[in-house]
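This report looks at how two chains meet and then turns to a few local features within one of them. Please keep the structure open while reading.

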Amino acid sequence: MSSSPATPPGGHAVPNPLTQSFLVARHEAKAMLISFRAAFFLVTYGLISGGIGAAALWADRKTGGRLSGVGAQFEALSLEDKQEAIRSVAETLGSEHLANALLKGHLPPLVYIVLLLSTFAIPFLCLLVGYNRIADDIHSRFARYLLQRVHRGPYLAGKILGHWLACFFAIVVVHAILVGVATATGRLELGPLVDGILRAWGGMALFVLAYVAFSAFWSVVSPASFLALLFGGMSLLGLWFMSFWVEPLRTTWLGRWDTRLFTLEPQAIGVYLGHIAVFMGVTYLLLRRKDV
Amino acid sequence: MTTPAIEIVHATKRFGAVVAVDDLSFEVPEGALFGLIGANGAGKTTTFGLMSGFVRPTEGEIRVRGHRLSSGHPPLGRVLALPQDAAMPPSMTAASVLAMLAMLEGRGALEARRRSLDALARVGLADIADRKVGVLSHGQRRRVGIATTLLGDDEVILLDEPTAGLDPRAASEVRSLMTTLNAERTIVVSSHNLAEIEAICTHAAMIARGRLVTSSTMAAMKKTGTLVTVTLARPLPAAVCPRIEAEIGVRRVELSADGLRLHIELEDASPDGIAGTGTDAGTDAGTDAGADASTDAGTNAGTNAGTDADRAAGCGDVEDRMNALLTVLIQQGASVRSVERGQGLEQRFLAEMAQVDRGREGV
């Protein structure tokens, strides 16, 4: 006698993979958000972003509002001058899309500066918060309780989703607090910021997902939890340095595309989605073959 | 023909150069309470890992109720396993861990909570449901682990050393629970406590160095021959073995490397092959033989050993062969220190392990 794998006789129907992924993600996000490391993420990223934001506002005041007034200055230009300005900024930043967004006010320069200078910390903070989440399950063998109930695909998806939710939530909270403080004290106007911030959050969602998947990869391949942090941290730094010297990495590694991602430039989205697919795919294949 | 609950078909598992399971094949019949027996490092836990889908076979395959386990896909909804030495998150309460696992099995939140409390009550831990796992004792954590296998309605339950670390009362309760659950489910259990396996299991497989030694019903496993261990005061030459084989009906005879211990498996002569319970036979034989240990020729030892048990089962032929055995030994100039006889699982296990060890020495 044979039976369907989904509903064994005498047994119960196994829930669909999506439901299982959400259950794992919920447990994961909850466990992370109440952890010391999540508080460390919030405080560290808050201090870095807040410090850079405060410095940018100070510089803006000192220069008579040249940063915050970029949009107004640009609007005052003639059509030819506008095109010249866009060309010039695009040459400097390496992206016409980004130049357009900055000059036309879609991405306020103050937000751009904060994102540009503070995002270097996010990959490391993502790694720090979640480097051990899968590794600990495997090494403590708790994975044996989980993986007799969940297939490895939904398990991995849930782990990544939960990690992503926790990190993205922390970033959004920091941004909301900074914007709230800046507008409440009259240093910034909320109106022009909203569109840029929402775009930046859209890009940030992909940015965080890429580094969460990167962390998951190291969490699966490392023979011990702390090695996931060590290898992950070393490879982040190594790839970043190498992206300055090695030509293929200069054009393909994530770090070269992040600010362009925050304006939702299609090419940057493509690069990030490609990396996310590769990290997740390789991690799944490794986990699938791994004895737990 | 009923499909076996689990089939292990020529399974081999290598971890680098180490072969943990080597061309292992056996079946767990539907409805059995199946004992997996083996010494430390025999490959029991790896075999459990294979059956649970945690470990991928290097070669061969595993089927659960006829369905082949594929890589990375555990037998969801068919098998629930208690893994050995698997920890639970210390910051979660016992009930919340179980509820989470029940929800992953497809239960709603309320149903999951109800099942988790019910499972904890069945393992005698209703009062610690809301205590964090990290503060529980080893035995309590073990019982929470057993409770995880009671969350579902799965047909097969795998328990890897479920009574390890439990106090005698808790261990007894777990054995009762296994027997109760076996009324409706197939159970595979491993344990170092052979008396426990012998008492509750209907079938068993014995493995050593990753290979199957034997697999059968518990009754057949216990009744296979009468196992005799003769301890000698002076070493005997190996030439004694063919002599014994030629003159007495034996299944096998082995002399230890130092020539001081003879392991003999007599052909079974009783109608049902059972000369008495393993415990009785072994105890009587050991006691009587011990009392006569000083006798140089050891004739009395052989005559007295296990007499009560043999008489009880009407197995007089064994006595004749025991006497013949001792005659051969005397002719060879042997000085018998003691004779132990038995047919219990432990005796069988020790004899099989001794043979495996001698086989390895021979290699």
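Two residues are said to be in contact when heavy atoms of theirs lie within 4.5 Å of one another. The model described here is a predicted one, and on that basis 36 residues of chain A are in contact with 44 residues of chain B.

## The interface between the chains

About 3500 Å² is buried between chain A and chain B, and carbon and sulfur atoms give 54% of that area. Across this interface, 11 residue pairs are in polar contact, with both residues of each pair at pLDDT 80 or more. On the side of chain A that touches chain B, helix H1 (17-33), helix H9 (142-146) and helix H15 (266-289) of chain A each supply at least two residues. Of the elements of chain A, H1(A) gives the most to this side, with five residues. By residue class, the side of chain A that touches chain B divides into 16 nonpolar, 11 polar and nine charged residues.

The count of salt bridges between chain A and chain B is two. A salt bridge joins the side chains of A:Arg149 and B:Glu105, with a distance of 2.6 Å from N to O.

## A covered helix in chain B

Helix H1 of chain B (residues 44-52) is largely enclosed by the rest of the structure, because eight of its nine residues are buried. The buried residues of H1(B) are B:Lys44, B:Thr46, B:Thr47, B:Phe48, B:Gly49, B:Leu50, B:Met51 and B:Ser52. Just after H1(B) comes B:Gly53, which takes a positive phi of about 90°.

## The loop around B:Ala126

B:Ala126 is placed in the loop between helix H3 (109-122) and helix H4 (138-148) of chain B. When its neighbours within four places in sequence are left aside, B:Ala126 is in contact with B:Leu120 and B:Ala121. B:Ala126 and B:Ala94 are 32 residues apart in sequence, while their C-alpha atoms are 9.9 Å apart in space.

## A strand hairpin in chain B

Strand S12 of chain B (residues 250-255) is mostly covered, with five of its six residues buried. S12(B) pairs with strand S13 of chain B (residues 261-266) in the antiparallel sense, over five bridges, and within this pairing B:Glu254 stands opposite B:His263 of S13(B). The hairpin formed by S12(B) and S13(B) has five residues between the strands, and in this hairpin B:Gly259 takes a positive phi near 75°.

Definitions and conventions: Residues are numbered from 1 along each chain as its sequence is written. Chains are lettered from A and ligands numbered from 1 in the order in which they are written. This is a predicted model: local features need pLDDT of at least 70, side-chain atom pairs count only at pLDDT 80 or more; totals for chains, interfaces and linings use all residues. Side-chain values use heavy atoms; hydrogens and water are left out. Buried area is the accessible area (1.4 Å probe) that two parts lose on being put together, summed over both. A salt bridge is a side-chain nitrogen of Lys or Arg within 4 Å of a carboxyl oxygen of Asp or Glu. A polar contact is a pair of N or O atoms within 3.5 Å; within protein, one must be able to donate a hydrogen and the other to accept it, and residues adjacent in sequence count only if both atoms are side-chain atoms. Helices (H or I, at least four residues) and strands (E, at least two) are DSSP runs, numbered from the N terminus. Ala, Val, Leu, Ile, Met, Phe, Trp, Tyr, Cys and Pro count as nonpolar, Asp, Glu, Lys and Arg as charged, and the others, Gly among them, as polar. Buried means under 20% relative accessible area, exposed over 50%, partly exposed in between (1.4 Å probe, protein chains only). Two strands pair if DSSP finds at least two bridges between them.
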